[in-house]
Amino acid sequence: MQHDAAPGGGRAGSAHEAAATTVTGAGDGGPSGEPGPPSARDAKRAGITAFIGTTIEWFDFYIYGSAAALVLGKVFFADAPPAVGTLAAFATFWVGFLARPLGGLVFGHFGDRYGRKKALVTTLTMMGAATFCVGLLPGYAQIGAAAPVLLVLLRMVQGVAMGGEWGGAVLIATEYAPPRKKLLYGSFAQQGSPVGNLLATLAFLGIAQLSDAAFESWGWRIPFLASAVLVVVGLFIRLRLAETPEMVRALERRQTTKLPVKEVLTRYPLLVFLGMLAGTAGVAITYVKTTFALSWATADLGFDRTTFLTVIAIALVVQVLVQPFGAVLATRWPVKKAVLWMLVPEFVLLPLMFVLVSTGNFWLAVLGMGLATAPHAMYYAALAGILARVFPVEVRYTGMSLSYQLCTTLFAGTAPIVSQYLLTATGSTWPVVVLGLGYTVVTLLGVIPLLARTGDASPARTAPEPATSRI
């Protein structure tokens with residue numbers, strides 16, 4: 001059973017949640033005329049819809065990261081030295097993260113007041129349009145300083161869209177899910193991240209076969225332009241899904257809040273702060289391992305684009321395969337125990353990854369990246385369900401979006417640029433290793449007290465599951 005939080009961040013009783021779960025009848029509605037518990041088929045459809053939508057959004061978001069590491073500095077900051085150009089490209093990468101809390105607030109507001117579905121259709125449209133326009137954008141050689149300015153603006157649109165996307169996608173999955181499986185279904189939306197990243201990496205791996213001149217002049221644009229097809233598919237799927245049952249009940253009972261962000265910041269500030277810390281390892285280490293490592297390996301270690309993109313692609317396949325097990329563990333075990341089992345190995349495996357990659361050997365790099373992927377990936381799978389049970393339904397979109405997107409702005413978006421700065425300033429990757437391990441410490445400092453306030457017990461043991469929802 002989920003628990004609403006008390007004002008000031010404490011744990012509250014579950015009266016609101018209980019009221020929302022007493023509606024009788026299946027699928028079409030109970031005696032009151034309100035929608036009853038969703039069927040297993042509806043829950044599965046919602047989970048798959050969340051997965052497909054986030055995969056497309058993350059593909060659009062991640063192709064920018066790959067382009068920033070490989071080519072954007074040369075195209076949009078042509079007058080700068082190579083190292084400075086890379087830093088500038090990573091800075092534009094961070095702009096997308098700066099805009100994500102704004103997206104979380106804007107779409108959290110509309111999602112909490114008017115419904116999850118409308119917000120998600122808008123975010124997907126915005127992301128697709130901005131990504132397509134990046135693919136058409138002339139470089140510095142063609143339009144001068146206007147090129148990086150327009151690039152930054154388009155990246156901001158991407159960030160606003162992604163900031164609104166994540167929370168809504170998680171809620172589409174969890175608010176349709178059976179009570180005992182909400183944490184597990186939240187991982188459907190999380191699975192879109194590694195799959196989108198993998199597709200983005202494969203896209204750049206394909207065009208990396210081009211000559212340097214062709215890659216830098218037009219080849220890098222292909223994934224951005226091709227994303228339009230994926231967006232059309234995503235919109236078709238998303239438009240066919242109905243609003244979530246929990247949100248329908250809130251709208252019918254007029255339980256929506258006039259200003260959700262005010263409610264969140266005045267009643268639940270501690271939970272927002274702890275949720276922000278709790279997300280760190282799940283979002284920041286990915287960018288150390290992919291965006292920064294791609295730049296480091298190709299610029300300093302002698303890996304060519306194709307080889308190291310292959311290393312990253314294999315690591316992402318590992319992530320796609322192992323990530324769901326994190327949600328399974330957190331469903332079957334006490335959540336705190338599962339979190340510790342998932343995160344503590346990072347203190348050994350992340351340093352090992354840097355040692356193995358620094359050898360310049362392809363297979364050792366694959367081994368290091370694959371091993372270091374498992375801890376934070378498994379934790380990331382459970383993170384959505386952990387945050388989704390923190391806030392009550394009428395402010396849930398805003399609360400969890402604000403926590404998550406502040407985390408991505410402060411930690412994930414800065415990870416490549418801070419890592420590159422540490423490497424440039426010291427000539428060593430060990431400060432980068434310390435940074436990555438620091439992300440893990442911050443996560444533990446957030447998630448453990450958060451679980452103490454919102455409930456640590458396994459969902460499978462604490463929530464009754466209606467027979468109509470069993471799958």
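Figure 1. Buried means under 20% relative accessible area, exposed means over 50%, and partly exposed is in between (1.4 Å probe, protein chains only). The buried residues are Leu271, Val272, Leu274, Gly275, Met276, Leu277 and Ala278. They pack against α13, α15 (280-300), α19, α20 and α22. Contact, here and below, means heavy atoms within 4.5 Å. Helices (H or I, at least four residues) and strands (E, at least two) are DSSP runs, numbered from the N terminus.

A quick note on how to read these views. Since this is a predicted model, local features need pLDDT of at least 70 and side-chain atom pairs count only at pLDDT 80 or more, while totals for chains, interfaces and linings use all residues. Residues are numbered from 1 along each chain as its sequence is written, and side-chain values use heavy atoms, with hydrogens and water left out.

**Figure 2. The whole protein, for orientation.** You'll find 23 helices and 0 strands in the protein. Of its 471 residues, 59% count as buried. Take the contacts between residues at least 6 apart in sequence: 83% of them join residues at least 24 apart.

**Figure 3. Trp58 and Phe61, an aromatic pair in helix α2.** Searching the whole structure turns up 20 aromatic pairs. Trp58 and Phe61 form one that is edge-to-face, at 5.8 Å centre to centre with 85° between the planes. Rings of Phe, Tyr and Trp (its six-membered ring) pair if their centres lie within 6.5 Å; planes under 30 degrees apart count as stacked, over 60 as edge-to-face and the rest as tilted. The two residues are 3 apart in helix α2 (residues 40-70), so about one helical turn separates them. Trp58 is buried, with a relative accessible area of 3%, and Phe61 is buried too, at 0%. Ring pairs also link Trp58, Phe61, Tyr62, Phe93, Phe97 and Tyr287 into a cluster.

**Figure 4. Tyr268 and Phe391, an aromatic pair that links distant parts of the chain.** This pair is edge-to-face, with 6.0 Å centre to centre and 80° between the planes. Tyr268 belongs to the loop between α13 (260-267) and α14 (269-278). Phe391 belongs to the loop between α19 (362-388) and α20 (396-412), and the two residues are 123 residues apart. Both Tyr268 and Phe391 are buried.

**Figure 5. Charges over rings at Tyr64 and Trp333.** Arg155 has its charged end over the ring of Tyr64, 4.3 Å from the ring centre. Over the face of Trp333 you'll see Lys337, 4.7 Å from the ring centre. To count, NZ of Lys or CZ of Arg has to be within 6 Å of the ring centre and within 35 degrees of the ring normal.

**Figure 6. Helices α21 and α22 crossing.** The axes of α21 (residues 415-426) and α22 (residues 430-454) come within 8 Å and cross at roughly 150°. Axes are lines fitted to C-alpha atoms, for helices over the stretch in contact, and angles run from 0 to 180 degrees between N-to-C directions. The two helices are therefore roughly antiparallel to each other. Angles under 35 degrees count as roughly parallel, over 145 as roughly antiparallel, 65 to 115 as roughly perpendicular and the rest as oblique. From α21, Ala415, Val418, Ser419, Leu422, Leu423 and Thr426 meet Pro431, Val432, Leu435 and Tyr439 of α22.

**Figure 7. Val447 in helix α22.** Val447 counts as buried, at 0% relative accessibility. Leaving out residues up to four places away in sequence, Val447 touches Ala278, Val339, Tyr379 and Ile386. Val447 and Lys336 are 111 residues apart in sequence, yet 8.2 Å apart in space, C-alpha to C-alpha.

**Figure 8. Leu184 in helix α9 (residues 182-207).** Leu184 counts as partly exposed, at 25% relative accessibility. Leaving out residues up to four places away in sequence, Leu184 touches Ala327, Val328 and Thr331.
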